[in-house]
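The chain is shown below.

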Amino acid sequence: MTEQKPNKEDILFADVILALHLPYSYTYRVPENLKDKISPGQRVAVQLRNKIYSAIVIKLEYLNEKLKNYERSNNTDISESAYNFLNTNSVKYVLDIIDTRPIVTNIQIEFFKWIADYYVAYIGDILTAALPASLRLKSETTLRISPYFNSDISTLDEKEIKIFDIVAKKENISLEDIKTEIISNSMDFSPATVLKTINTLIKKDVLITDEELFSRYSPKKETFLCLNEAYTKKDVLKELLDELDKSKKTQLQCEVILKYLALAQQRKNVSKSELEDKGCKASTIATLVKKGILTKNSIEISRLHHSEKTDNAENIILNEDQQKVFDNIINNWDIKPTHLIHGVTGSGKTEIYIRLIDKVLSTDNSDDKNMSQVLYLLPEIAITTQLIKRLEKYFGDKAAVYNSKFSMIERAEIWQRIITNDTSKKIRIIVGSRSSVFLPFTNLKLIIVDEEHDTSYKQSEPVPHYNGRDCALYLARLFSAKTILGSATPNIETYKMANDNKYVLHELKKQYFNLPLPKIELIDMKQSLKENNTYGIFSERLHNEIHTTLKNNKQVIIFQNRRGYAPHIECNICGYIPKCPNCDVSLVLHKERHDLECHYCGYHTNTLTHCPQCKSHSMRFVGIGTEKIEEELQIYFPEAKIKRMDLDSTRAKDAYTQIVSDFASHKIDILCGTQILTKGLDFENVSLVGVLGADTMLHYPDFRAYERCFQILTQVSGRAGRKGVEGKVLIQTFEPYHQIMQDVINRDYKHMYESQIKERQLMNFPPFCKMIKIVLQHTDRNFIEKKSIEYALNLRKIFGGRLFGPQEPLIARIKNLYAMEIWLKIEKSISYIKAKSHLKQYNEEFLSVKENSKIRISIDVDPV
């Protein structure tokens with residue numbers, strides 16, 4: 001009897017995306033036994049190029065539906081060959097389903113597609129950026145026994161034990177090797193079963209992937225003990241204790257029970273670890289459990305910081321200006337979805353944010369399963385330290401931080417607690433950096449983008465080159481949520497949107513406590529050097545003010561936007577400058593580590609004591625970095641407690657938090673650092689801010705240079721004179737009469753904006769056009785120069801005079817890849833979507849040529 005072929009209506013296909021550098025989704029056929037279990041958002045096991053990967057289902061379609069969509073999208077009838085391909089076993093099958101419920105929402109899937117389209121990126125790269133690594137199982141992953149596994153395999157089934165035995169024989173082993181070994185020796189396993197079983201072992205804390213040796217993905221569990229009900233009666237318990245106390249062999253068991261009882265009087269649950277801390281041996285506890293005197297159970301506990309709500313947001317008293325802004329936002333809540341709060345530093349924008357969060361969350365009923373959520377974006381992980389404490393005060397465990405400094409397992413736990421239907425565990429407020437936009441929100445009602453002007457919202461490396469602020473605006477649209485943008489120095493494009501009435505503009509012109517804004521003073525360094533009025537790198541004026549500030553028991557911040565000790569060293573005799581062998585840059589001196597380092601590829605070598613060319617010992621340091629500033633501060637102010645805060649000093653997970661905490665509690669007198677100091681930090685005892693090297697920001701070859709200089713200087717100035725302390729800001733500059741410097745001391749954002757917007761309109765720069773930067777890279781300089789010319793000539797046929805280049809970037813070689821840049825300017829009257837579609841199509845054609853396949857093409861849409 002021949003097998004009956006299924007009808008078109010019965011053949012189900014799944015479109016899936018994989019966390020790989022792949023441009024498209026892939027179609028797999030769903031086997032009959034999985035049809036009722038599969039749904040979009042689940043992970044499934046699929047085979048691609050003879051390897052097994054986990055993939056996310058983004059769409060399910062029956063054959064008829066798929067054929068109709070094909071005809072519609074291609075504006076043509078389905079070909080016989082395409083029909084036969086889909087209708088036969090040529091399409092590979094989904095091997096298995098990994099998750100019992102979706103881990104990605106439908107809105108996320110739509111969001112991922114939008115990011116891929118808007119930023120001309122591969123959908124696989126978007127998924128890689130979005131998912132915690134522990135959710136991206138693939139057959140290249142190597143596994144090992146978890147160092148946290150207690151060696152008890154009694155809870156494992158037969159298949160799990162077989163895989164455990166294979167992994168236990170080796171220090172680590174790839175999924176591919178496990179699959180090969182186990183399938184060849186066992187009829188019980190298919191490739192999909194291997195992946196599914198391994199996923200179960202990871203959840204049980206038996207295995208970990210090598211990239212997660214210290215960051216495993218599984219719910220954290222703790223073993224708690226309980227006295228068997230049979231011994232809860234006093235007489236029975238006394239009889240048991242007397243019996244155990246008779247023999248020396250069981251006296252230790254008696255002691256464990258007594259210690260357990262003492263702890264049980266203080267709390268409901270007694271953990272095994274608590275008894276061990278009291279001196280009880282694990283083996284003795286295990287014996288009592290084996291005898292049935294104590295029972296044990298594992299309870300899931302959170303890895304996240306626990307906090308209790310201690311106040312109500314309604315108790316925050318807003319001043320008159322803040323109340324006006326708050327009321328205006330509420331009154332316009334249903335009229336326009338996006339609001340810009342332009343408030344001076346220290347004007348109390350955060351208090352308004354907290355009141356708005358409370359307003360959103362208070363609309364939920366206690367029994368509401370789909371509770372409202374809020375996303376609070378910050379440009380840097382660093383700023384979350386102070387903010388989360390304020391939010392926990394009013395919202396307790398409803399608020400959580402999400403950032404890249406967290407381990408993979410902590411990020412995975414937050415992911416699960418955002419998407420969960422369990423209202424007791426659900427996180428309502430996420431505070432995080434740009435990657436937080438990828439989280440699986442279920443009912444997002446409000447997005448706050450603080451310091452919206454900050455360039456850190458833009459992802460540089462690796463791809464995709466997305467902007468967290470702009471993605472947040474689109475995410476809000478998907479949820480019909482409201483967006484609040486806030487800044488003392490808004491991005492020019494954002495401010496124009498507000499001026500054009502596309503956003504609602506709110507202004508705060510005074511500080512929260514109605515204190516006078518800190519006085520800003522420019523110090524002419526040309527004059528200081530001419531008159532020899534300097535103390536090393538400090539002008540006499542700044543030196544004296546630091547001395548006076550410390551004498552008055554106040555704190556000082558010194559800002560220099562360059563880390564390291566010196567940008568480079570140079571031979572006084574022959575002019576030799578040590579360069580990076582992989583990049584076209586000089587090596588930066590890091591005196592503290594006694595090495596020279598490349599800030600682009602990470603190459604480092606020992607510092608030089610003599611010139612390798614002329615053998616001279618006359619080497620000089622050129623330029624000033626934060627290490628040099630820290631050293632000179634220690635020379636001139638030896639009694640002061642000085643600390644440096646930059647990328648080098650804050651690499652550890654909690655280093656930044658510790659520095660901020662120490663400075664806030666006045667364990668540090670002078671804090672020097674880079675741009676990280678400018679970003680929304682709030683210190684109540686800082687009365688002086690000094691800025692060194694302000695001019696370097698003016699001369700960067702970028703049409704945004706003046707805007708950036710104004711923003712950075714204004715932001716760092718705002719760290720002084722907060723909460724009752726009169727502030728002063730001293731800026732050392734060689735160009736005190738430059739218009740941007742004058743705008744800074746006058747706090748004249750509007751003058752800066754008007755002058756810049758006129759210039760950009762004249763030169764056709766954003767916001768009057770859209771820009772795309774295309775970078776072609778290859779290891780051969782001559783080859784990439786030739787190919788970039790070819791690329792530009794063909795692209796110019798499409799875009800004409802809108803294309804500029806190719807040309808070498810400022811740094812022509814990074815990580816041994818030579819680069820050529822091409823720029824596109826797309827005027828507002830041209831469809832940006834069509835322009836990017838043409839660009840994407842041409843890139844595919846260009847890379848399809850064999851000799852071009854090794855060229856790396858990077859597309860940066862709306863570069864900053």
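A residue is called buried when its relative accessible area is under 20%, and exposed when that area is over 50%. The model discussed here is predicted.

## Helix α26

Helix α26 comprises 17 residues, 832-848. At 1.5 Å a residue the helix should span 24 Å, and its end C-alpha atoms are 24 Å apart, which agrees.

The buried residues of α26 are Tyr832, Ala835, Lys836, Leu839, Tyr842, Asn843 and Phe846. They lie on the same side of α26, because they cover an arc of only 125 degrees around the axis. Their packing partners are α3 (106-118), β32 (769-778), α25 (781-799), β35 (817-827) and β36 (856-861). Ile833, Lys834 and Ser848 are exposed, on the face of α26 turned away from the buried side.

## Thr714 in helix α22

Thr714 belongs to helix α22, residues 705-717. Its relative accessible area is 14%, so Thr714 counts as buried under the 20% cut-off.

The side chain of Thr714 reaches the backbone oxygen of Phe710 at 2.7 Å. Beyond residues up to four places away in sequence, Thr714 touches Thr345, Thr489 and Val744.

## Nonpolar cores

The largest nonpolar core holds 149 residues, of which Phe111, Ile357, Leu391, Ile430, Val437, Ile774 and Tyr791 touch the most other members. Helix α16 (residues 468-479) gives the most to this core, with 8 residues. Another core, of 24 residues, lies apart from it and includes Phe149, Ile163, Ile178 and Ile182.

Neighbours within four places in sequence aside, Leu391 is in contact with Ile354, Ile357, Tyr376, Gly396, Ala399, Ile429 and Val431.

Note on methods. Residues are numbered from 1 along each chain as its sequence is written. This is a predicted model: local features need pLDDT of at least 70, side-chain atom pairs count only at pLDDT 80 or more; totals for chains, interfaces and linings use all residues. Side-chain values use heavy atoms; hydrogens and water are left out. Helices (H or I, at least four residues) and strands (E, at least two) are DSSP runs, numbered from the N terminus. The expected span of a helix is 1.5 Å times one less than its number of residues. Buried means under 20% relative accessible area, exposed over 50%, partly exposed in between (1.4 Å probe, protein chains only). The arc is that of the directions from the helix axis to the C-beta atoms. Contact means heavy atoms within 4.5 Å. A polar contact is a pair of N or O atoms within 3.5 Å; within protein, one must be able to donate a hydrogen and the other to accept it, and residues adjacent in sequence count only if both atoms are side-chain atoms. A nonpolar core is a set of buried Ala, Val, Leu, Ile, Met, Phe, Trp, Tyr and Cys residues joined through side-chain atoms within 4.5 Å.
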